[in-house]
Amino acid sequence: MNTSTLKMADTVKALADTASPGQKHRQHEVVIDCNIKELYYGKFKAVRDTRIPIQKNTITAFIGPSGCGKSTALRCINRMNDLVHGFRFDGHVHYRGVDMYGKKVDPVTVRRHIGMVFQQPNPFHMSIFNNVAFGLRLNRYKGNLHAQVERSLRGAALWDEVKDKLKSSGLSLSGGQQQRLCIARAIATEPEVLLMDEPCSALDPIATRRVEELMVELKARFTIAIVTHNLQQAARVADKTGFMFVDTSKGGRTGYLVEFDDTKKIFQDPAQEATKQYIRGEFS
Amino acid sequence: MTCVITPQHMPESAPSLSSKAFDRNLGSPRTLVSWVLSLVACMLTVMACVPLFSVLIMLIWRGGTRLVQGGISVFTALPPSAMMKHGGGFGNALVGTLTMVGIASAIAVPFGVLAAIFLAEYGARSRFGTAVRFSAKIMTGLPSILAGVFAYASVVALTGGFSAVAGGVALSVLMIPIVMLTAEEAIKMVPQRMKEAAIGMGCTRAQVIWKIIVPTALPGILTGVMLAVARAAGETAPLIFTALASNYSWAIDHRQPFIHLMKPTASMAVFIYNSAGKPQDNLIELAWAASLVLVVMVLIFNIGGQLLSRRSRPAR
């Protein structure tokens with residue numbers, strides 16, 4: 001992809017190389033180091049003391065009860081929280097050594113490199129083809145547009161279902177297809193990292209299964225971070241899992257990271273008592 | 001594995017009621033009051049429709065006759081002189097109305113749509129935005145003659161004469177708030193998650209607006225434009241002392257395009273107003289025909305607007 005995206009990725013890579021020479025080819029190197037010391041919405045302290053490293057070509061899951069700040073933490077990574085009125089953040093999000101909250105960083109550029117898939121399928125009010133081509137056109141893609149759209153739709157396991165109706169509206173698809181269209185749209189620009197905010201919570205079990213299979217396939221090409229409400233989903237797809245919990249001790253509802261480890265370890269032998277109870281289903 | 005309840009296993013039934021327990025009693029006061037109220041409601045509805053339909057029937061009868069008799073020349077000829085017992089038409093008034101509504105739209109659509117974008121996206125909760133929205137709402141109820149006064153003072157007084165441009169400015173004053181408020185509603189209907197998706201793709205604020213919000217809201221915005229056009233096309237008061245009227249000249253002339261825009265211009269509404277009061281039967285008949293044509297024009301724009309707004313309901 002000979003676009004501005006690639007150029008930017010090269011500079012980031014170069015920066016990362018100078019920062020840590022010799023670590024270029026290591027498997028599962030940390031691509032994003034998300035360290036949230038304190039995060040406020042106005043006077044409300046939403047998240048504290050959460051540090052999650054996200055490794056290359058793995059799936060990292062954020063689990064925890066409702067309101068524990070897992071979506072908030074995920075949305076910090078591509079600066080979606082900037083849109084929320086009164087958002088304040090103390091800490092850092094390092095993407096290949098560059099702080100995404102640096103003074104000179106443009107959040108728009110950050111979002112072009114770190115893709116996102118949302119809870120509700122949200123295709124644009126345009127044709128299936130144009131939905132996928134949207135990000136490519138935005139980045140002034142110079143290659144073969146049609147080939148890249150097809151590649152993305154194949155990548156999202158949607159090509160066979162839509163190849164004969166690329167011109168019909170993206171909103172005419174079923175919920176599960178819409179979500180896979182959104183995934184195709186997100187991977188079309190080949191971001192290195194893909195954030196997924198409860199991508200299956202609006203889908204039926206069959207569509208959920210397809211999206212889960214897709215995530216595991218996409219792991220080879222992308223680095224994925226996923227927020228999920230569904231424990232089984234985390235156990236099925238994630239390599240690493242972080243368990244977040246709510247601290248109500250000081251009258252507020254502040255989320256924090258309780259435990260972060262291999263998914264197997266979290267589900268079979270968690271170190272913390274709270275994790276154990278949550279995994280056993282004693283609260284949710 | 002299926003589950004069937006056999007008669008032997010059926011639980012015992014409750015005691016039966018008399019077979020007439022639920023029959024309707026026509027003589028009871030409750031039923032009578034209900035009947036009377038229904039009848040009153042129907043009658044009042046019919047009475048409310050009488051003026052509406054009598055206007056329409058009169059228009060179709062009197063105007064339609066003239067349209068059939070006069071044929072195409074009604075739409076193309078200039079108004080008849082006082083001496084002519086037959087013939088003539090309102091061609092220049094038709095062109096004048098279309099021209100002035102066109103000028104008004106050229107002013108009102110950009111201003112209205114951009115203001116709507118500001119209201120919905122930039123200053124939604126700002127004090128300035130609230131003030132603008134409030135004054136726009138007041139302006140939709142503005143007596144239309146005030147728009148004429150404004151255009152008279154600003155355009156007619158400055159350019160030194162009645163003109164199609166002055167009429168267009170007066171109509172645009174009436175159109176801007178309608179376009180603005182309906183377009184704002186249409187823009188607000190664009191689902192938040194669609195905007196989030198665009199922001200998540202790395203769109204700047206301007207790109208979100210021009211690539212996602214405006215195209216998605218476009219049918220709704222066009223609805224507002226249609227409604228505003230329908231309103232403007234039927235206005236008489238603001239045109240009387242801005243565009244005035246003319247029995248001889250055309251707003252647009254293929255020999256000298258645009259030059260006539262600065263001259264007094266005929267319009268359908270003012271033509272009806274002027275002709276209906278004349279003693280000549282020929283002119284009165286033409287006024288009826290012009291009324292019918294104007295009503296059909298306004299109706300077409302209104303129906304167009306309704307159709308577009310039905311299409312604009314965002315699919316879920």
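Student: At what angle do the axes of α4 and α5 of chain A cross?
Tutor: Two packed helices are described by the angle between their axes and the distance between the axes. In this predicted model, local features need pLDDT of at least 70, side-chain atom pairs count only at pLDDT 80 or more, and totals for chains, interfaces and linings use all residues. Residues are numbered from 1 along each chain as its sequence is written, chains are lettered from A and ligands numbered from 1 in the order in which they are written, and side-chain values use heavy atoms, leaving out hydrogens and water. Here the axes of α4 (residues 128-138) and α5 (residues 145-155) of chain A come within 10 Å and cross at roughly 115° (lines fitted to C-alpha atoms over the stretch in contact, with angles from 0 to 180 degrees between N-to-C directions). Helices are DSSP runs of H or I, at least four residues, numbered from the N terminus. α4(A) and α5(A) are therefore roughly perpendicular to each other (65 to 115 degrees).

Student: Which residues of α4(A) and α5(A) meet?
Tutor: A:F129, A:V132, A:A133, A:L136 and A:R137 of α4(A) touch α5(A) residues including A:L145, A:V149 and A:L153, where contact means heavy atoms within 4.5 Å.

Student: And how close do the axes of α5(A) and α7(A) come?
Tutor: The axes of α5(A) and α7 (residues 175-188) of chain A come within 8 Å and cross at roughly 130°. Among the contact residues are A:Q148 and A:S152 of α5(A) and A:L181 and A:A184 of α7(A).

Definitions and conventions: Helix = DSSP H or I, 4+ residues; strand = E, 2+ residues; numbered from the N terminus. Parallel < 35°, antiparallel > 145°, perpendicular 65-115°, else oblique.
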